[in-house]
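The sequence and the model come before the discussion.

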Amino acid sequence: MENPHEQQQNVLLCRIVANVSKLNDSISSLNQKMKTINRDNEDTVGIAHMWAAYNDSVRIHIENNKKQ
């Protein structure tokens, strides 16, 4: 005679394995999307750095013109 608790545990274990597999797929998909977003943001970061350097140059130029 088969143990009903063992049968129930096996069913629960199968459900857990299936859910963990789905979770793993979802996290893999999320990681891919995050990589894409990070790659797209690299351009924005570069522009922000250029803008900051331009802003510093303009500030220095204005300060030098005030002294003259």
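## Salt bridges

The structure, a predicted model, holds two salt bridges. One is formed by the side chains of Arg-59 and Asp-56, with an N to O distance of 3.6 Å. The other joins the side chains of Glu-63 and Arg-59, also listed at 3.6 Å, N to O. Through shared partners, these salt bridges link Asp-56, Arg-59 and Glu-63 into one network.

Arg-59 and Asp-56 are three residues apart in helix α1 and so are separated by about one helical turn. Glu-63 and Arg-59 also both lie in α1, four residues apart, which is again about one turn of the helix. An α-helix has 3.6 residues a turn, so residues three or four places apart point the same way. Side chains of opposite charge can pair when their charged atoms come close.

## Accessibility of the network

Arg-59 has a relative accessible area of 42%, and Asp-56 has one of 36%. Glu-63 falls in the partly exposed class as well, at 39% relative accessibility.

## Helix α1

Helix α1 covers residues 4-67. It has 64 residues and spans 90 Å from its first C-alpha to its last, close to the 94 Å expected at 1.5 Å a residue. The helix has a kink of about 25°, centred on Glu-42.

At the start of α1, Asn-3 makes a contact with the backbone: one of its side-chain oxygens comes to within 3.0 Å of the backbone nitrogen of His-5.

## Nonpolar patch

A nonpolar patch on the surface is formed by Leu-13, Ile-16, Val-17 and Val-20. Together these residues have about 370 Å² of accessible area. Ile-16, one of the patch residues, is found in helix α1.

## Asn-19

How far apart are Asn-19 and Trp-51 in space, C-alpha to C-alpha? They are 47 Å apart, with a separation of 32 residues in sequence.

Conventions:
Residues are numbered from 1 along each chain as its sequence is written. This is a predicted model: local features need pLDDT of at least 70, side-chain atom pairs count only at pLDDT 80 or more; totals for chains, interfaces and linings use all residues. Side-chain values use heavy atoms; hydrogens and water are left out. Patches are made of residues with over 30% relative accessible area and no salt bridge: like charges are joined within 9 Å, nonpolar side chains (Val, Leu, Ile, Met, Phe, Trp, Tyr) within 5 Å. Accessible areas come from the Shrake-Rupley method with a 1.4 Å probe; for residues, only the protein chains shown count as cover. A salt bridge is a side-chain nitrogen of Lys or Arg within 4 Å of a carboxyl oxygen of Asp or Glu. Helices (H or I, at least four residues) and strands (E, at least two) are DSSP runs, numbered from the N terminus. The expected span of a helix is 1.5 Å times one less than its number of residues. The bend at a residue is the angle between axes fitted to the seven residues ending there and the seven starting there. A polar contact is a pair of N or O atoms within 3.5 Å; within protein, one must be able to donate a hydrogen and the other to accept it, and residues adjacent in sequence count only if both atoms are side-chain atoms. Buried means under 20% relative accessible area, exposed over 50%, partly exposed in between (1.4 Å probe, protein chains only).
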